[in-house]
Every structure is written in structure tokens, then in C-alpha cells.
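Please read the notes below with the model open.

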Amino acid sequence: MAQPEPFQTDVLVVGTGPMGATTALALASYGVRVHVVNRYNWTASTPRAHITNQRAVEVLRDLGLEQEARRDATPWEWMGDTLFTTSLAGPEIARLRTWGTGDERIGDYLQGSPCSMLDLPQNKMEPLLVKNAAARGAVFSFNTEYLGHVQDATGVTVTLRDLQCGREYSLRARYLVGADGAKSKVMDDAGLKLEGQLARAATAYVLFRADLSRYVAHRPSILYWIVTSNAAFGEIGMGLLRVIEPWKQWIAGWGFDMAKGEPDFSPDEVKRRVRIMVGDPELKIEIDSTSVWYVNQAHAPVYSSGRVFCGGDAVHRHPPSSGLGSNTCMQDAFNLAWKLAFVVKGHAGERLLDSYTLERAPVGAQIVARANQSRLDYAPLNRTFRDADAPDPVAAGRERLTDPGPEGVARRSALAEALKLKNYEFNAQGVELNQRCVSEAIIPDPDGAEEIWKRDPQLFVQPTTRPGAKLPHVWLVGQDGRRVSTLDLVGKGKVSLVTGIAGQAWVDAAQKLSLPFLRTVVIGMPGAQDSYCSWHAMREIEEAGALLVRPDGVVAWRRHHGAGGVAQAKRELEQALASLLDRTSPASEST
């Protein structure tokens with residue numbers, strides 16, 4: 001029998017968006033050969049996604065890019081108050097403290113993660129990821145089109161075309177990752193299907209330059225919703241001014257009726273609309289680009305087929321409401337990359353890869369539903385400041401909103417309730433951080449007790465060391481006397497055994513196992529001192545107990561009590577690792 005051709009890379013990734021570039025960065029960081037192709041000449045040319053939530057920033061932190069990302073981003077404090085106003089120059093209607101910056105929520109966000117949110121447009125995020133992935137050994141081929149693939153028992157043969165010269169060629173990899181966006185050919189070729197509806201509504205976007213400092217610098221935000229009859233079409237029913245570069249580059253957005261064709265993007269019409277939204281008929285505007293995007297509500301129930309794995313917009317397609325898009329793409333990558341790395345390096349069996357769909361597909365379905373519901377949740381808000389039957393619905397609605405009589409009182413009360421509902425879009429820390437993984441790569445507690453949510457799980461984080469949850473963040477004190485997060489002591493491509501000073505049996509057992517992918521973290525010892533006693537309050541296990549934390553920061557196993565000795569600890573660790581990683585042998589390995 002002929003020998004199969006040698007692998008030219010371990011993992012071939014199609015696409016350099018947030019999912020593809022993060023996959024490449026993580027794999028390269030873990031020492032895995034990865035080759036990335038993109039049919040375009042470079043990364044995203046427009047801002048697109050921008051909200052970067054705490055979990056995505058934690059991914060950047062683990063991969064060593066948090067500070068570099070912050071240098072290019074609009075800081076958390078400027079994400080601030082989301083405004084609802086008749087125009088930037090006109091009367092305000094309401095404000096909502098958003099992205100956790102308000103007095104009522106800022107403590108939750110500070111306690112939930114060592115990372116604050118930030119606003120980093122996609123045309124800045126992607127080059128950041130690509131540059132660092134390349135510096136760590138990832139190979140990139142731009143102007144290269146994916147044509148198709150054939151997989152067999154040991155690998156995937158991918159056909160590519162060099163768009164500069166037209167040459168077609170094949171590249172053989174152990175695994176293929178389809179991160180080729182909302183029209184994914186990899187997904188189609190792999191036979192993966194979507195459930196839901198595509199293009200159910202549409203929005204016009206205009207990227208423009210204008211100095212709007214005098215209107216917004218005193219009330220910084222990244223989203224200004226414009227309530228005018230001119231922009232009343234669609235589910236949201238308001239226009240949008242979104243900050244790209246404070247306060248000189250912007251996006252103006254408005255819904256349009258797809259049945260009437262494409263929107264009018266003539267320069268005169270675009271400038272007219274933007275000037276209405278700003279409230280300045282003489283505003284000097286420089287138009288950079290125009291585009292249309294469609295509101296999708298679809299997700300894939302299965303993310304992989306054999307050696308082919310898809311993620312990001314390929315498998316969950318939804319509007320930008322709630323700011324979940326690129327964040328979920330990056331988390332898909334972070335979940336998948338360590339598993340591919342462990343299998344490629346021989347640390348885990350291939351069944352570990354089955355956990356990718358089981359853990360990420362429910363998240364994809366959840367965020368698609370949440371993003372679309374967030375659009376529908378504008379309806380109660382619109383009803384408070386718009387009277388649909390009036391010649392000028394907004395003027396009439398605003399007049400009634402300021403009425404001193406009973407109708408005005410009722411409208412203002414309805415406005416307060418409608419603003420409260422929008423917390424599920426703009427202050428939904430629980431949606432972002434409360435994800436729970438369920439798969440064979442998680443060993444549930446023996447008692448199997450169901451988690452009891454103490455507060456609204458969409459709005460509020462519930463930190464826990466339960467298997468399947470992200471390791472809780474608390475501040476410890478490091479070797480140099482500076483604060484260090486529990487999240488800083490795990491991850492970085494390894495499984496972490498976390499225990500306390502009283503858990504010496506676990507430490508000795510881990511030393512005896514001598515596994516290259518397993519590190520030991522002893523909280524209470526120098527470098528991880530629980531000086532605030534915060535871990536003591538958070539850990540939910542005895543000091544002599546233990547946790548196994550996966551490279552993606554997810555708790556995979558926990559032992560509430562101490563082991564009966566080193567032999568027992570070693571046996572339990574071997575069993576847990578064999579189950580989590582599909583390992584048939586507990587023998588020591590080389591790197």
C-alpha cells in the first residue's frame with residue numbers, strides 16, 4: 001500500500017477573521033504547525049465587530065495580547081452612557097449606563113474578571129491577532145482561495161488556488177478549520193447545516209469622517225441612538241451613530257425595506273441623512289465607504305465532520321445587537337485550539353475533539369437568540385416616544401412624554417421599564433461569563449446536584465468552581481508583591497492542578513506523573529498567596545481539595561476533600577485525566 005504524503009501542516013485554517021486568527025494565534029503559541037489561508041489581500045478593511053467583552057479580553061490576556069489590544073482600543077470608561085436622542089445637537093430623551101460602567105454594575109464587572117471590556121474594531125483586532133500569530137510561527141497565505149477538501153482516516157487534503165497567478169495546488173493537513181465566515185464554503189463542503197432564517201431584515205451602514213467632539217466629548221459613548229421619523233423603519237426603529245475613532249470617525253446606520261431594493265447611497269442622500277442624525281445641516285462630512293448587512297437568525301447544531309471543524313460566523317449568524325459576535329468567534333477558537341494541540345501532540349485521544357460541538361453549539365444557539373431578541377426589545381422603548389398615527393410620530397410622542405398629566409406620568413413610567421429591559425443587551429454580564437460546558441471533557445460532581453442561580457443568570461455572573469464553569473477570578477498576591485489573578489496562574493496551553501497548602505498529596509502525585517502538559521498551582525504558597533482570603537471564600541472545596549482546570553480556563557474536575565495519600569491522589573488524577581483527555585495510558589510522555 002502506498003504511504004500517504006507527509007503532512008505539510010498540522011492544522012489548516014481557512015479565514016483570518018476573529019475565529020480563524022485566534023485559532024492560528026493559539027495553535028502557534030502552543031507550538032503546533034498551523035497554516036492559514038485568506039482569499040483577500042489582507043484582513044478586514046472595515047470596522048465591523050467592535051465590542052470586546054470580558055471573556056474575549058481574558059482570551060487575549062492568556063495569549064499575551066491584552067495590553068497591546070488596549071493601546072489600540074477605545075477604553076472601557078468611554079464606552080459609557082448609551083444615549084437616545086433626537087439628534088446629537090437636539091434634545092435628549094434618555095440615557096442608559098452600559099457595558100457595566102454604571103454605578104450599580106461596575107462592582108460586578110470588576111469582581112467578575114481581571115479584564116475590563118474595551119472597544120476594538122475588527123479592522124484593528126484582526127491585524128493584531130495575525131501579526132502575533134505570524135511572529136509565533138503561524139504561516140499565512142493571502143490571496144489564496146479555498147476550493148475544496150477530501151478527508152480520509154489520517155488527514156485532510158485541501159485544494160487551494162493562488163489568486164495572483166491562478167495556480168491550483170493541494171496541501172495536506174491533519175485537521176481543517178473552517179473560519180470562512182457567513183458564506184462558509186468549508187461548512188457546505190463538510191455537509192454541515194444551519195437552522196433558522198437568513199436575511200430577515202437589512203441595515204444600511206455609512207463609514208464617514210467628521211469632527212463631532214463638540215456634541216459628544218462631554219458625554220462619551222460608543223453608541224448614540226437617533227430617534228427621528230427619518231430613521232423609523234425596521235425592528236429597532238432608530239438610527240445609529242457609532243464611534244470608530246473618538247470623535248472623528250463614525251458609522252451611521254439605519255434600517256431599510258429590502259422589498260424596495262438597495263438603499264440610496266448617493267453622496268447627497270448620505271450627507272443629508274447624516275446631517276439630520278447629527279442635527280447640523282452644515283456639517284462637513286467625508287464619506288469613506290457604504291455597505292449593507294442583513295439580519296440573520298441561524299445557527300448550526302453540529303460544528304464538525306470528521307477532521308473538519310467550523311466556527312465563528314460560519315456556524316452562528318446574527319445581528320450585532322448585544323455585541324456577542326466576534327467575542328463568541330474568539331471563544332470558539334480558544335475552545336478548539338487547545339484540543340487540537342493536545343491531540344496533535346499525543347497528549348489526548350481524538351475523542352476529545354468531539355467535545356467541541358457539544359460545548360460550543362449550545363452557546364452559538366444562545367447568542368443567536370439573544371442578539372435577535374435584543375432587537376425586538378426596542379419596541380417597548382419606541383412606543384414611549386413615538387405616536388405612529390401622528391403626522392410627525394416622534395414630535396408627537398416626545399410631547400406626550402413631557403406631559404405633566406396622567407398620560408405623561410404613564411409614559412415616563414413605561415420609559416423606565418423599557419430602559420430596564422435594555423439591560424439584557426447592554427449590561428448582560430451573565431450572558432457573557434456564565435457559560436457552562438457539558439461534554440465528556442468535563443467530569444461532573446458525583447452528587448450531580450443542579451446549579452441554583454441566585455440572581456438573573458443573563459444579567460449577573462455566578463462565579464463557581466463547579467466542573468464546566470470558568471475558573472472564578474480572584475486577586476492573589478504574586479512573587480513581586482503585585483496582584484495576580486487566579487486566571488493568570490492557569491491556561492497558557494496547559495492543564496492546571498489547583499490545590500491549597502494542605503493539598504500536598506496532590507502536588508506529590510502530580511510530580512510522580514511527570515506529565516509535560518500538567519502544571520501545579522498551590523494557592524497560599526509564594527507566587528499565589530491568598531492575602532485577601534478571597535480564594536478561601538470562593539473555592540467551594542476544602543483547602544486540601546483539588547481542581548483540574550483546562551487550558552481554556554474551564555474547570556474540568558474537582559475533588560472537594562483531600563486525598564488519603566499520594567497513592568490515592570495519583571490514582572484519582574490518572575483516572576480524571578484519562579477520562580477528560582481520552583487517554584488510554586497514564587504513562588509519562590515527552591513533549
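In what order do the 8 strands of the open sheet lie?

1. The order is β5-β4-β12-β13-β14-β11-β15-β18, with mixed pairing. β5 and β18 (316-317) are at the edges with a single partner strand each, so one side of each has no neighbour in the sheet. Strands, like helices, are DSSP runs numbered from the N terminus (strands E, at least two residues; helices H or I, at least four), and two strands pair if DSSP finds at least two bridges between them.

2. On the source: this is a predicted model, in which local features need pLDDT of at least 70 and side-chain atom pairs count only at pLDDT 80 or more, while totals for chains, interfaces and linings use all residues. Residues are numbered from 1 along each chain as its sequence is written, and side-chain values use heavy atoms, with hydrogens and water left out.

3. β12 (residues 223-226) and β13 (residues 239-245) are antiparallel over 4 bridges, with Trp225 bridged to Leu240.

4. Axes are lines fitted to C-alpha atoms, for helices over the stretch in contact, and angles run from 0 to 180 degrees between N-to-C directions.

5. His299 belongs to β15 (residues 286-299). His299 counts as buried because its relative accessibility is 19%, the cut-off being under 20% relative accessible area (1.4 Å probe, protein chains only). Apart from neighbours within four places in sequence, its contacts (heavy atoms within 4.5 Å) include Lys193, Glu195, His316 and Val368.

6. In α13 (residues 393-401), the buried residues are Pro393, Val394, Ala396, Gly397 and Leu401. They span an arc of only 165 degrees around the axis, which places them on the same side of α13; the arc is taken from the directions from the helix axis to the C-beta atoms. These residues pack against β5 (92-97), α12 (379-384) and α14 (406-421).

7. The axes of α13 and α14 come within 7 Å and cross at roughly 105 degrees. The two helices are therefore roughly perpendicular, a term that covers 65 to 115 degrees. From α13, Gly397, Arg400 and Leu401 make the contact; from α14, Glu407, Gly408, Arg411, Arg412 and Leu415 do.

Technical notes: Buried < 20%, exposed > 50% of the residue type's maximum accessible area, 1.4 Å probe, protein only. Parallel < 35°, antiparallel > 145°, perpendicular 65-115°, else oblique.
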